[in-house]
Amino acid sequence: MDALRYEVREFIAQQQLAGKIKPAVDSWLTGWDESFSRELAARGWLGMTVPTEYGGRDRSFLERFVVTEELLAAGAPVAAHWIADRQIVPSLLKYGSELQKRTFLPEIAQGACFFAIGMSEPDVGSDLAGVKTRAKQVDDGWSLNGTKVWTSGAHHADAFICLARTSPVDPDHRHAGLSQFIVDLRSPGVDVRPIESMDGRHHFNEVILDDVVVPDDMVFGTIGNGWTQVTSELDFERSGPERFLSTAVLLSATAEQMRLGTLTERSDLGKLTARLTGLHHMSSAVAAALERHERVDVSAAAVKVLGTTTEGDIADFADVIADPASCDRDFRGLVDSAVAQRPGFTLRGGTNEILRGVIARGLGIR
């Protein structure tokens with residue numbers, strides 16, 4: 001693993017010298033750069049866990065963890081491929097049909113196909129059992145109607161996996177009757193509308209589905225099994241290093257400003273660094289458990305809760321001690337970006353309040 005880590009660090013250093021990596025907060029969400037994704041693909045660093053028969057590298061979750069951790073720590077622009085590589089790949093391997101695997105996996109591994117997520121909806125929040133998007137069977141497949149929101153990168157992506165209701169709500173079994181569909185985001189009836197962040201940047205979208213027809217061969221998994229599938233997918237979304245490294249570049253930059261003498265307050269630097277170290281071990285342990293096909297919902301939720309809280313604490317720490325009059329302009333830019341992105345840290349991937357409930361139930365706490 002050390003050899004791989006050093007190889008990635010050398011690549012990052014070369015990319016920084018070439019001006020292809022400019023450290024950024026939340027780079028896995030905001031740093032859309034398809035050419036950079038293709039460079040990673042050429043080195044075999046996309047689709048790492050995909051079997052070679054589907055165009056992948058057949059490497060371990062831990063090897064993928066090393067690559068992604070180093071890229072995130074450097075603030076590299078990985079947003080274009082992030083969702084596809086992080087959670088669409090393992091979902092396709094687990095639930096996808098042979099046609100779907102052979103259609104999408106080689107393209108993802110080449111950095112040629114990009115996905116978004118079609119889970120969240122207006123007025124639903126983290127309660128995915130309350131989704132109102134409907135899928136009705138028609139002659140040509142399934143007709144989808146509804147609205148998805150906070151769909152990161154949907155204005156660039158080729159497709160998303162959409163969670164929809166395929167049978168009426170049963171009050172006693174609210175999680176029943178849900179299904180997933182692979183939706184081509186360029187299909188007739190798809191309307192992608194921008195949602196701007198408070199700093200004016202555009203990463204999120206509202207996606208309106210108006211009689212969008214999805215063919216039968218793009219039904220994902222099994223009709224009615226959507227809840228089981230989507231919760232399995234969320235394990236990959238919640239446990240990765242992006243749940244604690246979104247502001248790692250800011251913490252590194254803060255330490256550098258202290259070394260240069262432009263910042264003098266040091267009290268929390270060691271504490272925050274120690275927290276990141278602990279989260280590294282927690283997240284890598286989840287990656288090892290995924291390799292063993294073990295259940296990780298509780299541990300993934302714990303990584304997400306503790307990690308996103310730490311990300312926000314780093315943003316607050318830097319913001320409090322950074323004097324705009326004396327700080328380096330690039331450093332202040334990182335601080336401002338972290339503060340703007342901070343409200344989303346504990347919301348995306350399920351709110352921390354919801355995830356504390358997942359942890360409590362998993363531990364048998366009532």
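Close-up 1. T133 is buried, with a relative accessible area of 0%, where buried means under 20% relative accessible area, exposed over 50% and partly exposed in between, for a 1.4 Å probe and protein chains only. The residue belongs to the loop between β1 (115-118) and β2 (134-138); strands (E, at least two residues) and helices (H or I, at least four) are DSSP runs, numbered from the N terminus. The side chains of T133 and E121 are joined by a polar contact of 2.6 Å, a polar contact being a pair of N or O atoms within 3.5 Å, of which, within protein, one must be able to donate a hydrogen and the other to accept it, while residues adjacent in sequence count only if both atoms are side-chain atoms. When neighbours within four places in sequence are left aside, T133 is in contact with E121, N145, G146, T147, K148, C162, L163, A164, R165 and L209, contact meaning heavy atoms within 4.5 Å. The view is taken from a predicted model, in which local features need pLDDT of at least 70 and side-chain atom pairs count only at pLDDT 80 or more, whereas totals for chains, interfaces and linings use all residues. Residues are numbered from 1 along each chain as its sequence is written, and side-chain values use heavy atoms, with hydrogens and water left out.

**Close-up 2. The hairpin of β2 and β3, with V138.** Strands β2 and β3 form a hairpin with two residues between them; five bridges join the two strands, which run antiparallel, and two strands are taken to pair if DSSP finds at least two bridges between them. Within this pairing, K136 has S143 in β3 as its bridge partner. V138, which is found in strand β2, counts as partly exposed at 33% relative accessibility. The C-alpha atoms of V138 and V213 are separated by 8.3 Å, although the two residues are 75 residues apart along the chain.

**Close-up 3. Strand β7 and its partners β3 and β6.** Strand β7 (residues 202-214) runs antiparallel to strand β3 (residues 141-149), to which seven bridges join it, and seven bridges likewise join β7 to strand β6 (residues 190-196), again in an antiparallel arrangement. V207 in β7 is the bridge partner of K148 and also that of V192. E196 stands opposite H202 in β7, and in the hairpin of β6 and β7, which has five residues between the strands, G200 takes a positive phi near 85°. D211, which lies in strand β7, has a positive phi of about 50° although it is not a glycine, and this residue is partly exposed, with a relative accessible area of 47%.

**Close-up 4. A positive phi at D58.** Most residues other than glycine have a negative phi, and most peptide bonds are trans. D58, however, has a positive phi of about 55° although it is not a glycine. D58 is found in the loop between α3 (34-42) and α4 (61-73), where the residue is exposed, with a relative accessible area of 54%.

**Close-up 5. The crossing of helices α8 and α11.** The axes of helix α8 (residues 248-260) and helix α11 (residues 329-345) come within 10 Å and cross at roughly 145°; axes are lines fitted to C-alpha atoms, for helices over the stretch in contact, and angles run from 0 to 180 degrees between N-to-C directions. On the α8 side, V249, L250, A253, T254 and Q257 meet F331, L334, V335 and A338 in α11. By class, this contact has seven nonpolar, two polar and no charged residues, with Ala, Val, Leu, Ile, Met, Phe, Trp, Tyr, Cys and Pro counted as nonpolar, Asp, Glu, Lys and Arg as charged, and the others, Gly among them, as polar.

**Close-up 6. N352 in helix α12.** N352 is found in helix α12 (residues 352-362) and is buried, with a relative accessible area of 3%. A polar contact of 3.3 Å joins the side chain of N352 to that of T308. Not counting residues up to four places away in sequence, N352 touches K304, V305, T308, T309 and T346.
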